[in-house]
Amino acid sequence: MMHPYFIIIPLCTAFLITFIAGKNDRIAIVLSLLATSIMLAIALVIYPGLNDRCLVYEMGNWPLPFGIALVLDSFSGFMLVVVLLLAVTSLLYSMPYLE
């Protein structure tokens, strides 16, 4: 199950960037680009293997009305790849502006 990483990676990256951002902005930019690229790579690995399947990951072992379920189907996998591709390209083009 790789789709919990789509929550873990941004949370850990945001936690690290809050400590780094005041001291060195270039490292924060590279860290955010690295995290987004890793998530894009994971999405590109997961998406072709879906083949009209639906992956469900229940967080916390709670029943569904009370717990959180992450669902990944073909359409949401495609949209995930598109959004992450746009995020990587926008980060690449905004690097000179952010410096």
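Predicted model: local features only at pLDDT ≥ 70, side-chain atom pairs only at ≥ 80, totals over all residues.
**Helix 2.** Next I checked the length. Helix 2 has 22 residues and spans 32 Å from first C-alpha to last, close to the 32 Å expected at 1.5 Å a residue.

**Ser-32.** I looked up this serine within helix 2, residues 25-46. Its relative accessibility is 18%, so Ser-32 counts as buried, the cut-off being under 20%. Which residues does Ser-32 touch, not counting those up to four places away in sequence? I listed Thr-13, Ile-17 and Leu-91.

**Core.** I turned to the largest nonpolar core, which has 18 residues. Phe-6, Ile-46 and Leu-84 have the most contacts inside it. Helix 1 (5-20), helix 2 and helix 3 are the elements that each give two or more residues to this core. Helix 2 supplies the largest share, eight residues. I then followed Phe-6. Leaving aside neighbours within four places in sequence, Phe-6 contacts Met-39, Ile-42, Ala-43, Ile-46, Leu-80 and Leu-84.

**Ser-74.** I moved to helix 3, residues 74-98, where Ser-74 lies. Ser-74 has a relative accessible area of 24%, so I logged this residue as partly exposed. Beyond its neighbours within four places in sequence, I noted contacts from Ser-74 to Tyr-47, Leu-50, Asp-52 and Arg-53. I also checked Trp-62, 12 residues from Ser-74 along the chain. The C-alpha atoms of Ser-74 and Trp-62 are separated by 25 Å.

Notes. Residues numbered from 1 in each chain as written. Heavy atoms only, no water. Helix = DSSP H or I, 4+ residues; strand = E, 2+ residues; numbered from the N terminus. Buried < 20%, exposed > 50% of the residue type's maximum accessible area, 1.4 Å probe, protein only. Contact = heavy atoms within 4.5 Å. Expected span 1.5 Å × (residues − 1). Core = buried A, V, L, I, M, F, W, Y, C linked by side-chain atoms within 4.5 Å.
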